[in-house]
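Trainee: I am new to this structure. Can we go through some of its labels and ask what backs each one?

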Protein chains: 4
Amino acid sequence: MLRGLTRAGFGNLESEEQWIRLAAQSGFQAVDVDAAGLIARNGLEQAKALLEENNIVIGAIGLPVEWRADEAAFRAGLPALIEAAEAASALGCASCCTYILPSTDSGSAHFMALATRRIRVCADILDAYGIRLGLEFVGPHHLRTRWANPFIWTMEETLDWIGAIHAPNLGLLFDAYHWYTTGGTINDILQLKPEQIVHAHMNDAPDIPVEDVLDNDRLYTGEGVIDLAGFLRALSDIGYKGVVAQEVLTPEPPSASMEELMARSKSGFDKVFAQAGL
Amino acid sequence: MLRGLTRAGFGNLESEEQWIRLAAQSGFQAVDVDAAGLIARNGLEQAKALLEENNIVIGAIGLPVEWRADEAAFRAGLPALIEAAEAASALGCASCCTYILPSTDSGSAHFMALATRRIRVCADILDAYGIRLGLEFVGPHHLRTRWANPFIWTMEETLDWIGAIHAPNLGLLFDAYHWYTTGGTINDILQLKPEQIVHAHMNDAPDIPVEDVLDNDRLYTGEGVIDLAGFLRALSDIGYKGVVAQEVLTPEPPSASMEELMARSKSGFDKVFAQAGL
Amino acid sequence: MLRGLTRAGFGNLESEEQWIRLAAQSGFQAVDVDAAGLIARNGLEQAKALLEENNIVIGAIGLPVEWRADEAAFRAGLPALIEAAEAASALGCASCCTYILPSTDSGSAHFMALATRRIRVCADILDAYGIRLGLEFVGPHHLRTRWANPFIWTMEETLDWIGAIHAPNLGLLFDAYHWYTTGGTINDILQLKPEQIVHAHMNDAPDIPVEDVLDNDRLYTGEGVIDLAGFLRALSDIGYKGVVAQEVLTPEPPSASMEELMARSKSGFDKVFAQAGL
Amino acid sequence: MLRGLTRAGFGNLESEEQWIRLAAQSGFQAVDVDAAGLIARNGLEQAKALLEENNIVIGAIGLPVEWRADEAAFRAGLPALIEAAEAASALGCASCCTYILPSTDSGSAHFMALATRRIRVCADILDAYGIRLGLEFVGPHHLRTRWANPFIWTMEETLDWIGAIHAPNLGLLFDAYHWYTTGGTINDILQLKPEQIVHAHMNDAPDIPVEDVLDNDRLYTGEGVIDLAGFLRALSDIGYKGVVAQEVLTPEPPSASMEELMARSKSGFDKVFAQAGL
């Protein structure tokens, strides 16, 4: 598995490029960044050089398509999807991810039908670029009633949805926080085949009742109560060889410096990987 | 359009074969029957002869697969689906239909995902036999809360679901009763392309508030308040050339004789087709 | 059916806008033009106004994706496809077409596999805009050996290919010239359902052996030996209500004026529609 | 990886059950057998017990559908496919395989279109039972011209075909003999992801020019010139954990006893697994 970072937990970066270099120096092997943006700012050759010189790969790009609103909004995102796919492909990234909100103001079943068609179109476009699409189930309880009607939030439901969409390049974005908040077990992970996971996220949760855990109040890796060592070991056991990227969503941007936050992140990863015997 | 009958409204038929002959004598051109059963009772050649001699076609067969329960039940129906498709194909019938209950005890979104996959498998099997699959939205209000969670019941939702399933041989079973109970308009029909309709049903509703109309308390064609002339004219205007089959679900089997019920049905069809100018 | 024109047969138009006005004045109801180009030159509102004031619709746009070469070329066309689909949708056009060369320098079976995937991606993108994709089989004999290996050129093969691609918004671009050069019959047309035809082309062939007929040596409508009256009548009989657009490919651009060519085209359409009793 | 056997190389078995027991005693962990037949002869519980007591799994069943002939033959196989899938599922087998003949008397491109649709239907049915479908490319040169037109025979073409079929449960049946006869390299294997391989076969080839190697004149594992150690090591390196089953097609059934043939097979497996460091 590759140690990765998302930008979440690092506040407003003055320079993503500097952050990438620092991540590499701290032993990280992957970053989740906007490939098209990286190319826009640096040019393709510079962007490639930045990654290669630092032995960093892009873990995943985000899906730049609003598939949760109306048809016009959906279509409006397709040009950006083509651009993002081209950029990711040019930089050697083969994963794209999007998250599933666990409730919706639309009718649940009707929205599932609409979303199925839209996600299939996105997956098919990404497939033309050799890119897989990871769907992230989102577990925190408060979001299940945040909008009028329940949608889906468990791993099992998400796998069933993947079966419904029926595109060969779909899988999970598997986030430790959502595994934890949906009551996931080690055994649940051991039932997965590695190719069912497109990408993984890691972060930690405070020691409060799980039903009170908030989506945007996460802790840095290894600073909370999630069994991240078990999470990593199970991923390793099933043969997952992809990226596990830290994603620390917080109510306020962190006040510490990028260097401090990087050291803290490295320390957390060192700890849980060691606990996992990896 | 072809004038058709389903068995609903005729009670327990002593002889489906006799009923078919009588239907033909009464000017009906199509019947919705179990093609495999017809062959099982009569043999293929006799079954074909019965239809040909009476200038009767089979309007549609029912989908013999339980796609609303669990995976085991779904799979258990597949052999019957193959048999039904073979039989329908052998008797020249190219339509198969199933209905969508408007509520479900499962999670609405999760069930939509499961049903999408299952209906696609059924559609693909039917496609191997040149058969289309019609999905019937079901409108009566009491069924929307009959089970724990709302599913879908409008024409628009059903068309969106068809888009999600993404099989080329899908369309609507368009039933006048469900059009009426979902507040459908003539203009809604005029927006359809004829190939979006696999099959149509006709029947009538009592003069009570629409939200009190019960699914299994239907009237014979032309004996109620549904604008069936408008319904037929709109279907004709968009170029629909398929079957419109009467389906009269009632709380108790009718007590009249088959001959009386057939005359009543013929009279209703004559009336509304005449009103429609067809 | 709507009388339509493509630009083929009109040489290098000085002004497509002027040509559209003249087409309308000559009784044509549809033109096959590049919707994105029309908007680029006129702005969206002006382009819409041009069409509306002249009671002209766009019959079909061309597929701006090179799906016959390598993967890089295929991907490179996807941004233009999005742009074309947006433009067509904005101008009310719901048809896009591409042609199938009857031979290929690639391995026939391998190319069929690659093309199946690529056309599906295009169809799915177009479907997001409510646009159907028509595949045109190409009949002239000389093209069947123009490249190293035979591909497909009959209507039946093309319908089977559409079944393989398995996208609900696919159909034929049905061109009278290819119908003629593949030995198509009236009965072949009568076997079609109208929704299997996305778009139609009309033009005529010289009185020479059919195996010597060249793809780019066509005659204006009604000036050759193709049974265009039978072609139109059969299309009408099956319920086709779409566009039939003239496409006259010639070795050299015609030397006559746009006005003369338009009059000739109108005269040909008047003749064959009258012969067809339409 | 699991050591497996097919029946090919063992002649006409008097008792498949006895052969399974002997295979287990000789260190084999998987057998490719007809699951439905095993159940038919033994009953489900006995069949399960036979496998469990011997720590043997079924590697793969064969696809009982004739997808290479006409549509009637294709449909005629579907009931057997349902039965086979039910049986395989009941016995814990999740793989089904079919082979691709490298030439065809049909038009290559047209047959590819037909086959794409038919294989998709099979894959979708198998998917309902949690079973994957492996497609085996077939390399021997003489078969490439055995029928009138070339089809496909390389790994790359087969992967592209899988992309065209677009079912999530498709992959390769990867046979060392076809890898060898198509000039495959270790590096070709290293480009694969393990989930692209549904099943693997192993056998050996005589020391003659590769273009003279015949499909049904194979040698037992380790008795010929194929780099089977390299084959196994590469499969292991990419993370393939499935079955590698011996398949020795010969012009005449072998004359040796089942015990001798089993010992010979075991010896060959021991040798090449040892050479591979596995």
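Mentor: Start with a term. A salt bridge is a side-chain nitrogen of Lys or Arg within 4 Å of a carboxyl oxygen of Asp or Glu. Keep in mind that this is a predicted model.

Trainee: How many salt bridges are there between chain C and chain B?

Mentor: Zero between chain C and chain B. Across the interface of chain A and chain B the rule also finds zero.

Trainee: What makes chain C and chain B count as touching?

Mentor: Contact means heavy atoms within 4.5 Å. Five residues from chain C and five residues from chain B take part. The two chains bury about 720 Å² between them, with 55% of it on carbon and sulfur atoms. Three residues, C:His166, C:Pro168 and C:Glu195, supply 64% of the area that chain C buries against chain B, more than any other three. The chain C side divides into two nonpolar, one polar and two charged residues.

Trainee: Which polar contacts does the rule find there, and how many?

Mentor: A polar contact needs N or O atoms within 3.5 Å. The count between chain C and chain B is two residue pairs, both at pLDDT 80 or more.

Trainee: What makes up the contact of chain A and chain B?

Mentor: Here 18 residues come from chain A and 18 residues from chain B. Together they bury about 1400 Å², 68% of it on carbon and sulfur atoms. A:Ala109, A:His110 and A:Arg120 supply 33% of chain A's buried area against chain B, more than any other three residues. Four residue pairs are in polar contact across this interface.

Trainee: How many disulfides are there over all chains?

Mentor: The count comes to zero. Take D:Cys93: the nearest cysteine sulfur, that of D:Cys96, is 7.9 Å away.

Trainee: How many residues are in the largest nonpolar core?

Mentor: The largest nonpolar core has 370 residues. Among those with the most contacts inside it are A:Trp161 and D:Phe231. The residues that A:Trp161 touches include A:Trp67, A:Met112, A:Leu135 and B:Ala113.

Note on methods. Residues numbered from 1 in each chain as written. Chains lettered and ligands numbered in written order. Predicted model: local features only at pLDDT ≥ 70, side-chain atom pairs only at ≥ 80, totals over all residues. Heavy atoms only, no water. Buried area = accessible area lost by both parts, 1.4 Å probe. Polar contact = N/O pair within 3.5 Å; in protein donor to acceptor, adjacent residues only side chain to side chain. Nonpolar A, V, L, I, M, F, W, Y, C, P; charged D, E, K, R; others polar. Disulfide = S-S within 2.5 Å. Core = buried A, V, L, I, M, F, W, Y, C linked by side-chain atoms within 4.5 Å. Buried < 20%, exposed > 50% of the residue type's maximum accessible area, 1.4 Å probe, protein only. Lists of a residue's contacts leave out its neighbours within four places in sequence.
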